[in-house]
Structure formats: structure tokens, C-alpha cells
Amino acid sequence: MTIDTLSGLVGAKRLVIKVGSALLIEGGEARSGWLATLASEITDLRTRGTQVIVVSSGAIALGAAKLGLAKGGRGSLADAQAAASVGQVELARLWSEMLGKHDIVAAQMLVTLGDLEDRRRYLNAAATLDRLIEAGAIPVVNENDSVATEEIRFGDNDRLAARVAQAAKADAVLLLSDVDGLYDRDPKEPDAELISTVEGVTPEIIAMATKESSSGLGSGGMLAKLQAARIAERAGIALAIINGKHDAPIAEAVNANRGTLFLAQGDENARKAWLSGRLAPAGVLSVDEGCTKALAKGASLLAAGLTDVEGDFRRGDLVAIFGAKGERLGQGLVEYTASECRAILGLREEEQAERLGYAPRAAIIHRDHMVRG
């Protein structure tokens with residue numbers, strides 16, 4: 001379905017709602033009254049036929065308060081993992097209690113980056129989400145911060161929400177934030193203007209973002225939300241940012257038509273949508289100007305256009321592609337190891353066999369295993 005207004009969100013067949021720590025937790029305690037109104041809104045959505053998935057932050061903040069940890073549990077990785085271990089229990093209980101008042105079963109689902117980066121595990125997660133929804137439950141998803149490290153984590157639940165939406169084949173994502181949406185400059189500036197609709201997350205749009213999370217509780221910020229929007233739009237999924245501070249925040253945003261809606265830009269096949277949403281490249285390939293132009297026309301990446309190789313990756317790993325001016329061109333699944341790429345860097349096909357000792361493959365990255373942007 002096509003969603004081109006905020007009001008269209010409430011008619012989505014399947015909607016992912018992301019709730020941030022700053023909205024859910026205050027002074028180490030859950031904002032139970034606010035969550036109760038949100039649970040009522042979720043119930044109303046279900047009554048109208050929308051299937052809902054929740055992506056909820058808050059475990060680290062809840063656990064840190066229970067354990068008495070400084071800096072909201074974010075003083076060290078060990079503190080964050082310990083806080084998450086305690087907080088995940090509390091967060092699951094909280095959602096179960098609030099949704100249970102409406103006779104809705106809440107299902108906890110903890111994931112790590114690898115669960116959505118690896119294709120087989122991604123499909124397993126998708127199947128679990130489908131089955132839970134089919135059984136009448138609302139999946140409450142969070143990153144498993146009790147085991148995740150800096151190298152293997154999403155780092156924010158905004159991008160996690162977009163990846164969950166891909167896996168669940170959702171129509172839309174709704175990010176409840178502590179601001180009204182995307183502004184054309186720092187919203188603290190008096191002449192800053194809220195942008196109501198975005199047709200494609202371009203470099204100009206990215207430049208409007210600030211990295212900081214104003215609450216100090218979360219790990220996201222506007223930049224993370226724009227990255228989430230880019231993941232969603234390429235998979236044909238609309239994404240909206242609204243201010244979640246209000247009671248009944250969804251109704252408030254829809255009635256006031258206040259927020260930022262990022263329109264779906266494409267409808268890539270399932271594999272390419274998964275590929276474009278992957279977040280952890282194992283290496284970087286740089287290419288010359290000629291290759292940059294060829295890739296823009298849909299060509300495969302050939303060794304002759306390769307100018308530099310970074311990282312230590314294996315065949316089949318995800319690598320990022322950068323152009324001659326340092327611009328990011330896309331990413332894809334590489335057909336060679338890093339050492340093999342270095343061996344044939346800049347060589348034409350007839351020269352590669354001698355260097356490799358075997359007949360070369362058709363490309364460094366085939367166009368069928370590559371996404372732009």
C-alpha cells in the first residue's frame with residue numbers, strides 16, 4: 001500500500017512502532033501512565049486491522065536504576081551489559097502488563113546485529129515475527145545488549161526498527177522521538193523549520209541531522225533516524241518521526257499533522273532489500289572514475305577499475321564501495337578474498353589468471369549482488 005500522509009500510518013496493514021528510552025523512562029522509573037495511553041493506542045490500531053510490532057528501548061536505563069549504576073548504565077560496556085540483563089526482565093514485564101490489560105499477549109524478542117546481517121538468521125527472525133503475529137501476539141523487540149559489543153551491535157533502535165520492518169514485510173515504521181521530526185537546521189535555532197515530507201534521503205537531507213540524543217538516555221539521534229529512513233525507503237517502507245512526549249502521541253501527531261514522513265522510494269526484491277539494509281561491511285573497495293560511471297549505469301564491479309582495498313574479508317562478505325572522490329557508491333557481496341582483490345587490483349581479465357593461478361571470476365562484485373547508495 002502507498003502511504004503519503006501521516007494519517008495513512010494508522011491504516012497500515014503492518015506497522016512497526018519504535019519507543020525510545022527518554023519516552024519510556026524518567027528518573028530510572030517507567031512512565032507507566034504514558035505507556036498506558038500508548039498501549040491503548042496500539043489496541044485501537046489492532047482493532048482497526050493494523051498488525052503492530054513494537055521495538056522498545058529502555059532495558060539499560062531500567063537495569064541501571066535497579067543496580068545503582070552511574071551514567072545510566074553507559075559508563076562502560078560491562079555496565080551496559082549488566083544493566084541490560086536486569087532491565088530486559090523489567091522491560092518485558094512492563095510491556096506484558098500494559099498490553100495484558102487489553103487482553104493482548106506481549107512476546108519478547110531479543111536480537112543482535114548478526115541475527116539480521118546473516119541471511120539465514122534473518123529469515124528465521126522473519127518467520128518468528130510472522131508466527132507471533134499470526135498467533136495474535138505483539139512482538140516487543142529489543143537489541144540484546146547483555147551480549148552485544150561495539151563490534152556486533154546496531155547501536156541504536158532506530159535502525160533496528162527499520163531492519164525489523166524489512167524482516168516483517170511491514171508497510172511503515174513509526175519512530176516516537178523527543179522532537180517533532182526533522183528540521184532544516186538545529187531545532188534550537190529560532191528560525192528552524194520542520195520538514196513535513198521527505199522524498200529520498202539525500203546527502204543534503206543527511207546534512208540537516210545532528211548526531212546527539214538530547215535526552216542522554218538513548219544511543220540514537222537524528223542521524224540514526226535518517227539512516228533508518230534510508231533503510232526503510234529502499235525496501236518500499238514509509239517511515240515517520242513524531243513527537244512521542246504527548247499523551248496519546250500517535251493521535252496527537254495525526255490530528256495535528258505534525259511530524260516528518262519519509263516516503264517509500266523503491267521496492268527492491270527481498271534479497272536486495274536485505275542487502276541494502278546491512279550495516280557492517282567487512283571491508284572497503286575504492287574504484288576509479290571510469291568504474292564509478294559504469295556502476296552508476298548498473299554494471300558489475302571489475303578488477304580493472306579497482307584502486308584500493310581495505311580490510312581482511314573473505315569471499316561472500318559484505319564490502320562497501322567508494323568512488324574516486326571518496327563518495328560512497330554502495331555495497332555488495334565480494335567474489336574474492338581481500339588478498340585476492342589486492343593481487344588483481346587494476347588488472348584486466350587476461351592478466352588476472354596469471355596472477356591468481358586460476359581462471360578469474362566474472363567480477364569482483366556482480367551487479368546482482370550489489371546495491372547503490
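How exposed is R31? R31 is partly exposed, with a relative accessible area of 22%; under 20% counts as buried, over 50% as exposed and the range in between as partly exposed, using a 1.4 Å probe and protein chains only.

**Before starting**

This is a predicted model, in which local features need pLDDT of at least 70 and side-chain atom pairs count only at pLDDT 80 or more, while totals for chains, interfaces and linings use all residues. Residues are numbered from 1 along each chain as its sequence is written, and side-chain values use heavy atoms, with hydrogens and water left out.

**Stop 1: R31**

Select R31, in the loop between β3 (29–30) and α2 (32–47). Helices (H or I, at least four residues) and strands (E, at least two) are DSSP runs, numbered from the N terminus. Leaving aside neighbours within four places in sequence, R31 is in contact (heavy atoms within 4.5 Å) with A22, L23, L24, I25, E26 and K245.

**Stop 2: the annotated binding site**

Next select S57, D145 and N157, which the UniProt annotation "binding site" covers in an unreviewed entry. These residues are spread over 101 residues of sequence, yet they cluster in space, with a largest C-alpha distance of 11.1 Å. UniProt positions are given in the numbering used here, feature names are shortened, and annotations may be inferred rather than shown by experiment.

Centre the view on S57, in the loop between β4 (51–56) and α3 (59–67). S57 is buried, with a relative accessible area of 11%. Not counting residues up to four places away in sequence, S57 touches K18, V19, G20, S21, L24, L91, N142 and N157.

Move to N157, in helix α7 (residues 157–168). N157 counts as buried at 7% relative accessibility. Apart from neighbours within four places in sequence, the contacts of N157 are K18, V55, S56, S57, N142 and E143.

Which side chain makes a polar contact with the side chain of S57? The side chain of N157 does, at 3.0 Å. A polar contact is a pair of N or O atoms within 3.5 Å; within protein, one must be able to donate a hydrogen and the other to accept it, and residues adjacent in sequence count only if both atoms are side-chain atoms.

**Stop 3: the two domains**

Colour domain 1 (6–266) and domain 2 (272–372) separately; the bounds come from an automatic or database domain assignment. The domain centres, taken over C-alpha atoms, are separated by 34 Å. The contact takes 13 residues from domain 1 and nine residues from domain 2.

**Stop 4: the five-stranded sheet**

Display the open sheet of five strands in the order β12-β11-β13-β14-β15, where the pairing is mixed; two strands pair if DSSP finds at least two bridges between them. β12 (306–311) and β15 (370–372) stand at the edges with a single partner strand each, so one side of each is left without a neighbour in the sheet.

Five bridges join β11 to β12, and these strands run antiparallel. Within this region, S286 stands opposite D308 in β12.

**Stop 5: D288**

Finish at D288, in the loop between β11 (283–287) and α12 (289–296). D288 counts as partly exposed at 28% relative accessibility. Beyond its neighbours within four places in sequence, D288 is in contact with A304, G305, T307 and A324.
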